Amino acid sequence: MVTTIDPEQVRDDALEFFRQSEVPERWSWVHALSPLNQRLFAVELADAIKQATITGDNEPLIQLVAEWQ
């Protein structure tokens, strides 16, 4: 079964990642990352969000999340 990825939902989820003190449930896989990789993911995610906001292209953001997941 192929899951359709909604780019807007990924962007909203990514922003929510930084708004909450806890990792959102949909992103619980982040807990499996080492502390170093959690920090690296957060930095890369912030950069991808910024780039998506500037360019309007969410595809690199979606790819980043998929690769880390």
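A14, L15, F17 and F18 in α1 meet F41, A42, L45, A46 and I49 in α2, where contact means heavy atoms within 4.5 Å. By class, this contact of α1 with α2 has nine nonpolar, no polar and no charged residues. Here Ala, Val, Leu, Ile, Met, Phe, Trp, Tyr, Cys and Pro count as nonpolar, Asp, Glu, Lys and Arg as charged, and the others, Gly among them, as polar.

A word on the source: this is a predicted model, in which local features need pLDDT of at least 70 and side-chain atom pairs count only at pLDDT 80 or more, while totals for chains, interfaces and linings use all residues. Residues are numbered from 1 along each chain as its sequence is written, and side-chain values use heavy atoms, leaving out hydrogens and water.

The helices are DSSP runs (H or I, at least four residues), numbered from the N terminus. Two packed helices are described by the angle between their axes and the distance between the axes. Axes are lines fitted to C-alpha atoms over the stretch in contact, with angles from 0 to 180 degrees between N-to-C directions.

| Pair | Angle | Axis distance |
|---|---|---|
| α1 and α2 | about 130° | 10 Å |
| α1 and α3 | roughly 65° | within 9 Å |

Angles under 35 degrees count as roughly parallel, over 145 as roughly antiparallel, 65 to 115 as roughly perpendicular and the rest as oblique. α1 and α2 are therefore oblique to each other, whereas α1 and α3 are roughly perpendicular.

Now to the second contact of α1. P7, V10, R11 and A14 in α1 meet L61, I62 and V65 in α3. The residues of this contact divide into six nonpolar, no polar and one charged.

Which residues of α3 are buried? In this helix, residues 59-68, they are L61, I62, L64, V65 and W68; buried means under 20% relative accessible area, exposed over 50% and partly exposed in between, with a 1.4 Å probe and protein chains only. They lie on the same side of α3 because they cover an arc of only 160° around the axis, taken from the directions from the helix axis to the C-beta atoms. What covers these buried residues includes α1 (7-19) and α2 (35-55).

Finally, N58 lies in the loop between α2 and α3. N58 counts as buried because its relative accessibility is 8%. Not counting residues up to four places away in sequence, N58 touches P7, E8, R11 and A52.

Key. Helix = DSSP H or I, 4+ residues; strand = E, 2+ residues; numbered from the N terminus.
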